[in-house]
Amino acid sequence: MPEGPEIRRAADALAQVLVGSPLVRIDYRVPQLQRRARALRGVAVQRVYARSKALLIEYDCGLTHYSHNQLYGAWRIRLAGDPPDARRVVRVELATPTHVATLYSATQVELLDAHELAAHPYLARLGPDVLDPATTVATL
C-alpha cells in the first residue's frame, strides 16, 4: 500500500512530464467522470502535488484531479507509443507528445472544482503536510 512518501515521489515524477507540456490526450475511464472530463479538452497541467496519500493534478481550467490509490492503485509513466500494462485496469491516462501518465486500478478518482476541493471529506480533515517544503516547524 503506497504511503505519503511514495505518493509524493509519484507526484514529483508526474510533474516532470506533465507540467509545461501540452496534453494531447486526456482519458478518464471512470463512468461518473465522463461528462465532467469533457471540460478538460485543451487544458494544461499547472501543478501536481501530494497531500498525505492523495495525489492532486491542477488543470488550468479550474478543475483538479483527485485520486487516492487505496491498496492497488498506482501511477506509471511510459514513453508515448509504448503499450500500457494490459494486466491492470486503466482508470486515467494523460498524454503529452512524449509521455503517457497512467493511473491503474485506483478506486477513488474525482474531478473537483475549487469549492469541492476545499470541502472534500478526506482533504478537509488533514493537517499540515510534513512533506510540503512550505511546512515549517512553526507551522507544525
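Me: Which residue in β7 does Glu93 stand opposite?
Reply: This is a predicted model: local features need pLDDT of at least 70, side-chain atom pairs count only at pLDDT 80 or more, and totals for chains, interfaces and linings use all residues. Residues are numbered from 1 along each chain as its sequence is written, and side-chain values use heavy atoms, without hydrogens and water. Strands are DSSP runs (E, at least two residues), numbered from the N terminus. In β7, the residue opposite Glu93 is Thr102.

Me: How many bridges pair β6 with β7?
Reply: Two strands pair if DSSP finds at least two bridges between them. Strand β7 covers residues 99-104 and runs antiparallel to β6. Three residues lie between the two strands of this hairpin. The number of bridges is five.

Me: Which residue of β6 is the bridge partner of Arg25?
Reply: Strand β1 (residues 25-28) is joined to β6 by four bridges, in the antiparallel sense. The partner of Arg25 is Ala95.

Me: What is the order of the four strands in the open sheet?
Reply: The pairing is antiparallel. The edge strands, β1 and β5 (74-79), each pair on one side only. The order is β1-β6-β7-β5.

Me: How many of the six residues of β6 are buried?
Reply: Buried means under 20% relative accessible area (1.4 Å probe, protein chains only). Strand β6 spans residues 90-95 and is mostly covered. The buried count is six.

Me: Over the ring of which residue does the charged end of Arg47 sit?
Reply: The rule takes NZ of Lys or CZ of Arg within 6 Å of the ring centre and within 35 degrees of the ring normal. Arg47 lies 3.6 Å from the ring centre. The ring belongs to Tyr49.

Methods
Buried < 20%, exposed > 50% of the residue type's maximum accessible area, 1.4 Å probe, protein only.
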